[in-house]
Amino acid sequence: MVALMVLAVLGVGAVIGALARAGRREAAAEKVRLAEQAKVQAQRSVEAVWAMSPLEFEEYVAELCRRDGCTEVRRVGAANDLGADVVGRMPDGRKLVVQCKRYAKHRTVGSPDLQKFNGTARSEHGADVPLFVASCKFTKQARAFAARHNLVLVDVDLLGFWNSGTGLTALLDLDISRSGTNRRLAPDN
């Protein structure tokens, strides 16, 4: 009788252990599935970005800023805008100045574009947070320049995640000089 009870207890323990392991495997598989789903959603959103006009892209970025709690957000981009396409206030009150470049995916943004933006973002527009958003990649030299001058860069990859729910404040702390790749994406044929 005692032997049967020991076997029953050991059997129940084994069953519970097997169920716990299966639950952990299932949770890990779900985590992988959700991460894959987020990547696919980010890619779909970026595909839509490449179909936008430059004006639509500026409004899209302004709307992402609003979604993330920025206030006084307005699109100001036009000819002779001195590098400011969107301006507003971060949730903590700092002034945000955004330059938007909706380029084809196979293009890159180089250091000269960032140098121009850096020359006007703070001095002309009073930016506390100068943000450059592009629908493509930044060159290695551009990322190094941005790191030296405390410019925030959002490239095509980060843009997809921003659109998928990652908050703007989370993107501000990334070390752009070490992140991502500067390789151009292949154009669609």
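Visitor: How many bridges join strand β2 to β3, and do they run parallel or antiparallel?

Guide: This is a predicted model. Four bridges join β2 (residues 86–89) to β3, and the two strands run antiparallel. Pairing takes at least two bridges. Four bridges meet that. Gly88 stands opposite Leu96 in β3.

Visitor: What do β2 and β3 form, and how many residues lie between them?

Guide: A hairpin, with five residues between the strands. Gly93 sits in the turn and has a positive phi of about 100°.

Visitor: How do you know that β3 pairs with β5, and which way do they run?

Guide: Count the bridges again. Six join β3 to β5 (residues 129–134), and the cut-off is at least two. The strands run parallel. Val98 has Leu131 of β5 as its bridge partner.

Visitor: Why is β3 called largely enclosed?

Guide: Buried means under 20% relative accessible area. Five of the seven residues in β3 (residues 95–101) are buried, so the rest of the structure largely encloses this strand.

Visitor: What makes α3 roughly parallel to α4?

Guide: The axes of α3 (residues 111–121) and α4 (residues 140–148) cross at roughly 25° and come within 8 Å. Angles under 35 degrees count as roughly parallel. Therefore α3 is roughly parallel to α4.

Visitor: Which residues make that contact?

Guide: From α3, Ser111, Leu114, Gln115 and Asn118. From α4, Gln141, Ala142, Phe145 and Ala146. By class, the contact has four nonpolar residues, four polar and no charged ones.

Terms used:
Residues are numbered from 1 along each chain as its sequence is written. This is a predicted model: local features need pLDDT of at least 70, side-chain atom pairs count only at pLDDT 80 or more; totals for chains, interfaces and linings use all residues. Side-chain values use heavy atoms; hydrogens and water are left out. Axes are lines fitted to C-alpha atoms, for helices over the stretch in contact, and angles run from 0 to 180 degrees between N-to-C directions. Angles under 35 degrees count as roughly parallel, over 145 as roughly antiparallel, 65 to 115 as roughly perpendicular and the rest as oblique. Contact means heavy atoms within 4.5 Å. Ala, Val, Leu, Ile, Met, Phe, Trp, Tyr, Cys and Pro count as nonpolar, Asp, Glu, Lys and Arg as charged, and the others, Gly among them, as polar. Buried means under 20% relative accessible area, exposed over 50%, partly exposed in between (1.4 Å probe, protein chains only).
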